[in-house]
Amino acid sequence: RLCELLDNAGRGWRKLAELAGAEKRFKCSAEELEMCSLKVLEPRGSPTQCLLQLLAERDCTLRYLLGCLERMGHEQACRVLSSAVQDMIRITVQPESQVLAEGTQVSLTCCATGPPGLTYQWFCGRREVPGATSPELVIDVAALPGQPEWYICRVNCGATFTFSRWAHVQVEKSSSPSSASGYCPTMVGLQILRQPRQCRLAEGDTLVLECRAIGNPPPQYQWFRNRRPVEGAQAPQLQVKLVTTAERGSYSCRVFNLFHEVWSQEVDVEIGEGPRQTSVTPPQLLCSQAGVSQPVTTPPSPILAATDKVALLIGNMHYLHHKQLQAPMVDVHALGALLHQLNFKVVSLLDLCKAEMQMAVDEFLLLLDKGVYAGLLYYAGHGYENFGNSFMVPIDAPSAYTSEHCLCVQWVLREMQQRRTGLNIFLLDMCRKRNLNDDIIPQVGALEVTANIVFGYATCADAEAYELSQGELSNGIFVTFLKRWLLEDEKITVLLDKVAEDMGTLEITRGRQALELRSNLSERRALTDPIRPPGRDESSARNLQWAKAHVLPESRHLHFDCGVTIQLGFAAEFSNIMIIYTRVVAAPEDITKCEARLTDIPEELDVDLKCTNKESPEEVGSLLAPVWSLGCPSCCLYSRICGLQKLRQELAFTVCLQYRYQGMDDFVEERQRVNVGRPLIAKLNLQ
């Protein structure tokens, strides 16, 4: 249906390709567009279908496609796709794997939503179960062999269908003397058939703990380590590959259903040769019943949470005395967008001198307090490493720079530790070659043992970090792979391990760049951890001020004496780079041409006059124009204002309106002075 609507329409598949290409990964090359257009020469060829196939191969979502059609203004295509999205079959209740005693029955349930007329068909392996055409499947386990049987349900609506996930049903004989062939789960509630066993492992081994139970309704599981829930561990078997000492501790499993709850016995898992952490369950929590020690059900400790999540992202590109870089702009922007989705307070800054880097870090440190996930300090730019200390190089560093011209990462870490933060993450996307001009060993002071530090280096010691050129844009190798995993609900060290594995698959940098991870993190801290709402005494004016560092001035309308109305709007590229655009929204009929230009911009800001008052976003010198211009109206003049951290006072400039009356050759000029306050990072008054 979409092909019929878009193949020949004026607002057709080419317009869709243009709008979808606003996101770089969906942009089609000229060769691909030509391939689509040539489909009209085939008997049943469709340019639209070819384009949709290209988008599908790049993991384009239906939601993004619908947004593109809405921006096209193609209402009929929007209705078609909206209907298709709504008519998708969604399984709301999945069948659960179960372990049961002999002589009982088991019920598997699969429920789905979607268009009217859904039908169900259950399968055992590849075989259809005769007559099993309802959401519930009842199985007599007496007919099952000893090996587990796998079941799956297909939900159909006409030719459209989807499958549930697999569920396996296993019959076991209970080792408990209380179990008998007449066992009735509705009478007993829940019974654990198999208890986990304590074990001792070496680092790198695989940890496997198992807890099996029977009951009606079917049992559910949640594993705990040191009385804290293990994220994602909701199956009868807990498996952890490549264990480290961070996984040692006391494990137990909570088994529950709608009516009952029981706990497995608590077992110790020892890893490595070093001293093991003592179990956190005190002896008085154990009671004796029939000669068997049973743990008393106690509420677990609260899930790990942050009092706040803060990130400072710095990218240095335009060095005064060193090689210019391309990737930091794209990397900082991509990372900032992802961290916003994780509810981080993000400030992203480009091209800072030494004093500005120091001031930005000082403001960052003021936000940190007990429990705050401070971390994310991400830096992309030139750097080096001497004697185990890492240094970030500002854009004004001299050609033969030393540590006194740079910012020491270990000094920042020491300052963070003094604020008792919950998590400190440093992602350093820079070279780590030795600086032969610097033989000074800086005295940053002793670091504390806090067990909450993670260093992710884009490359190994005494190695370089590379950029990956993709047309006009460049990504650092590190962020190219990091952004694939950043939103995953994983312990941060596990996440970075996956990034390292992915980086190892890139042939062009193999043997030259590899991620290095250093960590002493003892808890399962993740970037996805929730934020615990702070009490009144924990919130501060400084915290609110920092949150405002990405708030833009409000759009406004300027009215001129000649009757012309101008819209003055704003868009943010980074926390210290702002786009200002002007647009004529109303003009008298006798005025044939008019435009509004910005003049008298403060000299301390980094403004290239050749790139101001341009008719298209791409002309202002920003490689990210396709991203920020999506929210801007058409028929505007654009100006890019950089270096807002240098602003010493409120930002004021002049809007110069030039217009011409019908039948006249000369332009007339009117001016208005505008003050927009301190936008974005200028609110922090870094000067």
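I started with the largest nonpolar core: among its 67 residues, Tyr379, Phe426, Phe653, Val655 and Leu657 touch the most other members. A nonpolar core here is a set of buried Ala, Val, Leu, Ile, Met, Phe, Trp, Tyr and Cys residues joined through side-chain atoms within 4.5 Å. Buried means under 20% relative accessible area, exposed over 50%, and partly exposed in between (1.4 Å probe, protein chains only). Helix α9 (residues 354-367) gives this core its largest share, six residues. Helices are DSSP runs (H or I, at least four residues), strands likewise (E, at least two), numbered from the N terminus.

A note on my source: this is a predicted model, where local features need pLDDT of at least 70 and side-chain atom pairs count only at pLDDT 80 or more, while totals for chains, interfaces and linings use all residues. Residues are numbered from 1 along each chain as its sequence is written, and side-chain values use heavy atoms, with hydrogens and water left out.

Next I looked up Tyr379. Setting aside neighbours within four places in sequence, I found Tyr379 in contact (heavy atoms within 4.5 Å) with residues including Ile314, Met357, Leu427 and Met430.

I then found a second, separate core of 50 residues, with Tyr378, Val454, Ala458 and Ala625 among them.

Then I turned to a loop. Which residue between β15 (220-225) and β16 (228-229) did I pick? I picked Asn226, which has a positive phi of about 55 degrees although it is not a glycine. Asn226 counts as buried because its relative accessibility is 14%. Arg227 sits in the loop between β15 and β16 too, and has a positive phi of about 65 degrees. Arg227 is partly exposed, because its relative accessible area is 25%.
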